[in-house]
Amino acid sequence: MPLYLVFTPIGNLEDITLRALRVLREADLIAAEDTRHTGKLLAHYDIQRPLISLHEHNEAARIPDLLARLDAGERIALVSDAGAPAISDPGYQLVRAAIEAGHQPIPIPGPSALLAALVASGLPTDRFLFLGFPPRKAKLRGDWLAELRDEPGVLIFYESPRRLPALLADVAQTLGPNRPVVVARELTKLHESFWRGRAEEAARAFAEPPKGEIVVLVGGVREQAEEQTITPEVEEALAGLLAGGMGVNQAARLLAEITGLPRRELYQRALAL
Ligand code: SAM
């Protein structure tokens with residue numbers, strides 16, 4: 001029998017598909033990251049099925065028993081506390097083991113915090129890299145972010161509110177102050193919100209930990225030039241060229257070539273100077 005990978009709500013209990021409810025109702029066993037948490041979801045939909053826990057500390061130990069049950073023809077549904085099983089959640093080891101033992105896992109798609117955040121972010125959706133939770137130690141996180149500097153796609157992170165200020169400060173410093181950043185909070189819940197701006201503004205806006213669950217999205221390297229603004233150094237160079245007698249038009253064109261900044265923006269600034 002197959003192993004069903006059932007996506008569950010990420011906050012709003014209405015976000016569960018009809019198929020997910022049927023699969024849960026028909027399961028011989030539901031393996032849940034936290035049986036109490038899933039118990040509430042099941043109670044809400046009046047589903048009564050046997051539950052066992054499957055979390056990061058017992059996943060490996062559970063596998064032989066679960067494979068034996070699949071061999072015996074039981075229908076097993078795997079769920080995590082929220083969203084997609086095996087995405088920053090337990091399940092990957094079981095999926096691998098099931099495939100190796102000849103049982104095809106069947107996804108029952110539904111809510112996913114990273115996709116919900118991406119589609120509403122306003123950042124390009126054609127190319128993205130999901131990175132889960134960043135390393136907690138500052139040095140490791142800095143090195144890890146540095147490896148992402150040239151990534152052209154949107155970067156998507158999960159982060160706890162407590163560590164958000166440090167992550168955003170590192171993003172501004174390592175990936176650049178002008179990267180577009182979106183902080184998606186409390187998706188599908190009462191206080192759902194999206195903050196949009198540049199990395200250095202994000203670091204300032206979230207200098208204190210906010211409340212709630214958070215997805216952070218950062219524009220890829222190709223977003224940077226479009227979003228760049230004129231730094232004090234560029235302004236100084238512009239003033240220098242004008243003081244040296246160069247025309248406004250020519251100075252703007254020259255600096256646009258050198259910095260990659262939009263010529264029109266430089267022209268306006270030159271006029272103001
Ligand atoms: N498996 C889940 C999924 O598919 O999205 C992710 C589980 S991971 C342990 C939990 C993290 O996902 C949270 O710390 C947060 O970063 C993100 N997350 C989950 N639900 C969220 C929500 N409603 N709003 C914003 N972020 C959420």
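**Close-up views of the predicted model**

**View 1. Surroundings of V218 in the predicted model.** Leaving aside residues up to four places away in sequence, V218 touches L123, G153, V154, L155, F157, V171, L175, R179, P180 and V181. Among these partners, F157, V171 and V181 are also listed, together with L168, V216 and V218 itself, as the residues with the most contacts inside the largest nonpolar core.

**View 2. The largest nonpolar core and the elements that build it.** This core has 19 residues, and the elements that give two or more residues to it are the strands β7 (154-159), β8 (180-185) and β10 (214-218) and the helices α7 (164-174) and α8 (199-205). The largest share, 5 residues, comes from α7.

**View 3. The whole chain, as context for the close-ups.** The chain contains 12 helices and 10 strands, and its C-alpha atoms fill a box of roughly 85 × 40 × 30 Å along the principal axes. Its radius of gyration is 24 Å, whereas a compact globule of 273 residues would have a value near 19 Å. Buried residues account for 43% of the 273 residues, and, of the contacts between residues at least 6 apart in sequence, 69% join residues at least 24 apart.

**View 4. Surface and charges of the chain.** The chain exposes about 14200 Å², of which carbon and sulfur atoms supply 52%.

Methods: Residues are numbered from 1 along each chain as its sequence is written. This is a predicted model: local features need pLDDT of at least 70, side-chain atom pairs count only at pLDDT 80 or more; totals for chains, interfaces and linings use all residues. Side-chain values use heavy atoms; hydrogens and water are left out. Helices (H or I, at least four residues) and strands (E, at least two) are DSSP runs, numbered from the N terminus. The radius of gyration is taken over C-alpha atoms; the globule rule is 2.2 Å times the number of residues to the power 0.38. Buried means under 20% relative accessible area, exposed over 50%, partly exposed in between (1.4 Å probe, protein chains only). Contact means heavy atoms within 4.5 Å. Accessible areas come from the Shrake-Rupley method with a 1.4 Å probe; for residues, only the protein chains shown count as cover. Lys and Arg count as positive and Asp and Glu as negative; His and the chain ends are not counted. The place of a charge is taken as NZ of Lys, CZ of Arg, CG of Asp or CD of Glu. A nonpolar core is a set of buried Ala, Val, Leu, Ile, Met, Phe, Trp, Tyr and Cys residues joined through side-chain atoms within 4.5 Å.
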